[in-house]
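Welcome! Work through the exercises below with the structure beside you, and try each task before reading its solution.

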Amino acid sequence: MILVSTPNDLPVSITEELVPSTATKLPCTTTIDFDGLLDPPLVLQDDPTECGGQLWPGGMVLAKYLLRCKMDELKGKTILALSLHPLRPSQIHLTDLAPMLPLLNHNIALNHPHSPTVAHILGWGSPMTPSSTRPSAPDILLAADCVYFEPAFPLLLQTMRELMGPGAVCYFCFKKRRRADVGFVKMARKVFEVRAVEDDPDGGVWGRKGVHL
């Protein structure tokens, strides 16, 4: 029960029946196989208290598309992910802010204990933390659910420009939540050649949900 004050300073009680409290979500471990495309399934520890510790629509759509349509292209390539949970092709470099690094490393250990997958600290607009394992020029850049804060768009674009060398390809996926979100795509068109993905069999499904790839 919650007590609130009224203009007459008379307390009024608000019960759970009137305003249910929000259930607290606890960290948990889940498995996901992307409708049978990944065997064995990916094991993920999430953290619902952190935005970066949860599964989001863009990441799910992008991961499933890569598994279904691009695995041959990913083989043998150096891949850098701006925001994506571990997959299993070749050498992958995962990035996030410092508070998310323990969760990234934990998920890497759950799925790639003996692989070259590495986690790095990277803030958009800032250089990647120096490391002996830092990729000099990734072949493929993955970015999912990075469009959510308009003031950060220039920093995200700057980071993409610095990471992408000649011939590099970026697979970029996001769910449109605000009108301003598509503004990033307009900014990117001034710097990169941007093409919509049209060979995903699930395109009609995620397109109706406002997801762009």
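Buried means under 20% relative accessible area, exposed means over 50%, and partly exposed lies in between (1.4 Å probe, protein chains only). This is a predicted model, in which local features need pLDDT of at least 70, side-chain atom pairs count only at pLDDT 80 or more, and totals for chains, interfaces and linings use all residues. Residues are numbered from 1 along each chain as its sequence is written, and side-chain values use heavy atoms, with hydrogens and water left out.

**Exercise 1.** Classify Arg178 and Asp181 by their accessibility, then look at their contact.

*Solution.* Start with Arg178: its relative accessible area is 38%, so Arg178 is partly exposed. Next, Asp181 has 2% relative accessibility and counts as buried. Finally, the two form a salt bridge, with the closest N and O atoms 3.5 Å apart. That term requires a side-chain nitrogen of Lys or Arg within 4 Å of a carboxyl oxygen of Asp or Glu.

**Exercise 2.** Find what joins Glu193 and Arg195, and say whether they are buried or exposed.

*Solution.* The closest N and O atoms of Glu193 and Arg195 are 3.6 Å apart, in a salt bridge. Both Glu193 and Arg195 are exposed. Elsewhere, salt bridges with shared partners link Asp35, Lys64, Arg68, Asp200 and Asp202 into one network.

**Exercise 3.** Examine the pair Asp202 and Lys64.

*Solution.* First, their side chains meet in a salt bridge at 3.1 Å, N to O. Lys64 is buried, at 16% relative accessible area.

**Exercise 4.** How many salt bridges are there by this rule?

*Solution.* Applying the rule gives 8 salt bridges.
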